[in-house]
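Okay everyone, thanks for coming. Let's take a look at this one together.

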Amino acid sequence: MAAKTIAIYGKGGIGKSFTTTNLSATFAMMDKKVLQLGCDPKHDSTTSLFGGISLPTVTDVFAQKNAENEQVRISDIVFRRDIPGFSQPIYGIELGGPQVGRGCGGRGIISGFDVLEKLGIFRWNIDIILMDFLGDVVCGGFATPLARSLSEEVILVTSNDRQSIFTANNICQANNYFKTVGGQSRLLGMIVNRDDGSGVAEKYAAAAGITVLMKVPYNTEARDRDDSFDFAVGLPEIGKLYRNLATDILEHRIKPCEARGLDFEEFIRLFGDVSDDDPVPATEDELFGKPVNKPSVRIPSEYPSPEDRKLEDCLGRLPEAEQQAYRMSEHERLTETAIAEALHIDEQEVKALLSSARRQLRKLFFDT
């Protein structure tokens, strides 16, 4: 029977290796043969699994064997650890990658999978293969399990901060793309690690159509265990969460998500009000230090300048409501509250009118 394959993706430093390691330990304690495959050039995914030992990587071993004109063998790159109290050993592989600045990490991932497939990884007597993947690198090599359908299922790891959720959203969209070209990896859902109770990640998940599989609260003792190369699932409250998730996975209780993900504008608006103003283009003159005739909003004087006349002409092309709101704001210097009272509308409508007016004025001024 072929192994169940699960790719676990997350932003660097968010706890995906912590998650993968404790999930591996949980499956092993449930009498499953588990292989944890580290797919990060830092090659530190399996460190806790092996008590702090850094495993030889596929990248390094392959280079050495190639130089000696020898073939890579399973025993060169696959390692096992028998842990007291675990009914099954745990197996580990680190794909590795080039040193910082000395090569393409994504290419190393692709080459590493080529080596493993030649060694028959998907025919080994293993129950579950967990692939620990860096998620905030857009290079195609890190999407290998999605692009080639090497992982049946995908789990996203995030926290309640915007950057880690942004990474999760990128992976969701990447998986959706590969589905359009025949990819078959199914998104199981999201794990919220170091949950602070703010609900930010859950808000995103609801908007994107992603199931929240588990919320792991921040726990200093769990962190200390991980730092000392031990398993956080040894703590009853953490162990229960992981065992429930592992059981749900094994018993196929989790329905894969039909997640659409969010485009950038939808995503960014989850975190607060976003300006509707267009960005103001810089000019060569200002960047090279030359005098710049910069249009500014000024109260028309008794003898208006050519710029004032041009601005007034542009203003006259706007809808009446926008003209009124703009004149009250810029000419009469009224507050948004006062404008709202004068026009018998609420302040949000005033904000919208002013934003639209300013955006259109900039465009008309520079285009005419």
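So, helix α6 covers residues 162-180, which is 19 residues, and at 1.5 Å a residue it should span 27 Å; its end C-alpha atoms are 27 Å apart, so that agrees. The expected span here is 1.5 Å times one less than the number of residues. Helices are DSSP runs of H or I, at least four residues, and strands are runs of E, at least two, numbered from the N terminus.

Quick caveat: this is a predicted model, with local features needing pLDDT of at least 70, side-chain atom pairs counting only at pLDDT 80 or more, and totals for chains, interfaces and linings using all residues. Residues are numbered from 1 along each chain as its sequence is written, and side-chain values use heavy atoms, with hydrogens and water left out.

Back to α6: which residues are buried there? Among them are Ser 164, Ile 165, Ala 168 and Phe 178, where buried means under 20% relative accessible area (1.4 Å probe, protein chains only). The buried residues of α6 pack against β1, β6 and β7, as well as α5, α7 and α10, with contact meaning heavy atoms within 4.5 Å. Just after α6, Gly 182 has a positive phi of about 105 degrees.

Now the sheet. It's open, with eight strands in the order β3-β4-β2-β5-β1-β6-β7-β8 and mixed pairing; strands pair if DSSP finds at least two bridges between them. β3 and β8 stand at the edges with a single partner strand each, so one side of each has no neighbour in the sheet.

Zooming in, β2 and β4 run parallel, joined by five bridges, and Val 34 stands opposite Ile 90 in β4.

Terms used: Buried means under 20% relative accessible area, exposed over 50%, partly exposed in between (1.4 Å probe, protein chains only).
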